[in-house]
Amino acid sequence: MMGPSQSLPELVAAARANAKTLEDRIMAAQSPDGGPAGTAGQTEELRAATVALEAEAVDIFTLFEARMQHHFKRGPFSRKLTALLSQSGQAALAERVHQYYLVINVLKHGKGASYRELLNAPGGKFAVNTSQDTADDDGAASVGLVDISFPGFFAGLTETILDASRFLEAQ
């Protein structure tokens, strides 16, 4: 249970534990033990675990924004954070925050400006799906637009969140 009394690092730790379970489910669904690959059950399990992992990523980033918003008067948190990091000589962290912000935005809102920016980013860090067969038939328009199921995505996201929060708290 994530309550307001928990610190951001505690919330991140809980999210990481949930994500690890989901990543394990995704790996198991991708590499079956003995059964034929691509069965309907495997496909559904892979989809369910992926949707849950995407929701976990959106939730922890949203919590991060909510917990850290007080560092800025008003306006778009991630843009202001990225600008502050850049001005403070933290260009690498600013770029990480921006890239994860774009991914989370795509997961939340589907195709739009963030999706196009990820798609057109030279040497993009994330696999962006350009096919038309992404799952938008059940209202989850963002599912599959950006692949976050690979090992290390969630760890990178949460490490970036913790690094940025430590930076803000030290201001």
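**Reading salt bridges and helix packing**

Modeller: Start with one side chain. Arg-96 is partly exposed, with a relative accessible area of 27%. Keep in mind that this is a predicted model.

Colleague: How do I read that 27% for Arg-96?

Modeller: Use the cut-offs. Buried means under 20% and exposed means over 50%. Arg-96 has 27%, so the residue counts as partly exposed.

Colleague: How much of the chain is buried?

Modeller: Buried residues account for 40% of the 171 residues.

Colleague: Which side chain does Arg-96 meet in a salt bridge?

Modeller: General idea first. Side chains of opposite charge can pair when their charged atoms come close. Here, Arg-96 forms a salt bridge with Asp-163, at 2.7 Å from N to O. This pair links distant parts of the chain. Arg-96 sits in helix 4 (residues 91-109) and Asp-163 in helix 6 (residues 153-170), 67 residues apart.

Colleague: How many salt bridges does a search of the whole structure find?

Modeller: The search finds six. One of them joins Glu-159 and Arg-166, at 3.3 Å from N to O. Glu-159 is partly exposed, with 32% relative accessibility. Arg-166 is partly exposed too, at 47%. Now look at shared partners. Through them, salt bridges join Arg-16, Arg-96, Glu-159, Asp-163 and Arg-166 into one network.

Colleague: Where do Asp-24 and Lys-20 lie?

Modeller: Both are in helix 1 (residues 8-30). They are four residues apart, about one turn of the helix. Asp-24 is partly exposed at 39% relative accessible area, and Lys-20 is partly exposed at 45%.

Colleague: Now the helices. What pattern does the chain follow along the sequence?

Modeller: Read along the sequence, the pattern is α-α-α-α-α-β-β-α. That comes to six helices and two strands.

Colleague: At what angle do helix 2 and helix 6 pack?

Modeller: Take the angle and the axis separation together. Helix 2 (residues 40-68) packs against helix 6 at about 0°, with the axes 11 Å apart. Angles under 35 degrees count as roughly parallel. Helix 2 and helix 6 are therefore roughly parallel to each other.

Colleague: Which residues of helix 2 and helix 6 meet?

Modeller: From helix 2, the residues include Leu-53, Ile-60, Phe-61 and Phe-64. From helix 6, they include Phe-154, Leu-157, Ile-161 and Leu-168. By class, this contact has 12 nonpolar, two polar and two charged residues. Glu-56 in helix 2 and Glu-169 in helix 6 are among the residues that meet.

Colleague: How do helix 2 and helix 3 cross?

Modeller: Their axes cross at roughly 70° and come within 10 Å; helix 3 covers residues 77-87. Phe-61, Phe-64, Glu-65 and Met-68 in helix 2 meet Phe-77, Ser-78 and Leu-81 in helix 3. The classes here are five nonpolar, one polar and one charged.

Colleague: What share of the contacts with a separation of 6 or more joins residues 24 or more positions apart?

Modeller: The share is 65%.

Colleague: What is the mean pLDDT of the chain?

Modeller: The mean is 86, and 86% of the residues reach 70 or more. Check residues 133-141, where pLDDT is below 50. Beyond near neighbours in sequence, that stretch has 11 contacts in the model.

Notes: Residues are numbered from 1 along each chain as its sequence is written. This is a predicted model: local features need pLDDT of at least 70, side-chain atom pairs count only at pLDDT 80 or more; totals for chains, interfaces and linings use all residues. Side-chain values use heavy atoms; hydrogens and water are left out. A salt bridge is a side-chain nitrogen of Lys or Arg within 4 Å of a carboxyl oxygen of Asp or Glu. Buried means under 20% relative accessible area, exposed over 50%, partly exposed in between (1.4 Å probe, protein chains only). Axes are lines fitted to C-alpha atoms, for helices over the stretch in contact, and angles run from 0 to 180 degrees between N-to-C directions. Angles under 35 degrees count as roughly parallel, over 145 as roughly antiparallel, 65 to 115 as roughly perpendicular and the rest as oblique. Contact means heavy atoms within 4.5 Å. Ala, Val, Leu, Ile, Met, Phe, Trp, Tyr, Cys and Pro count as nonpolar, Asp, Glu, Lys and Arg as charged, and the others, Gly among them, as polar. pLDDT is the predictor's confidence in each residue, from 0 to 100.
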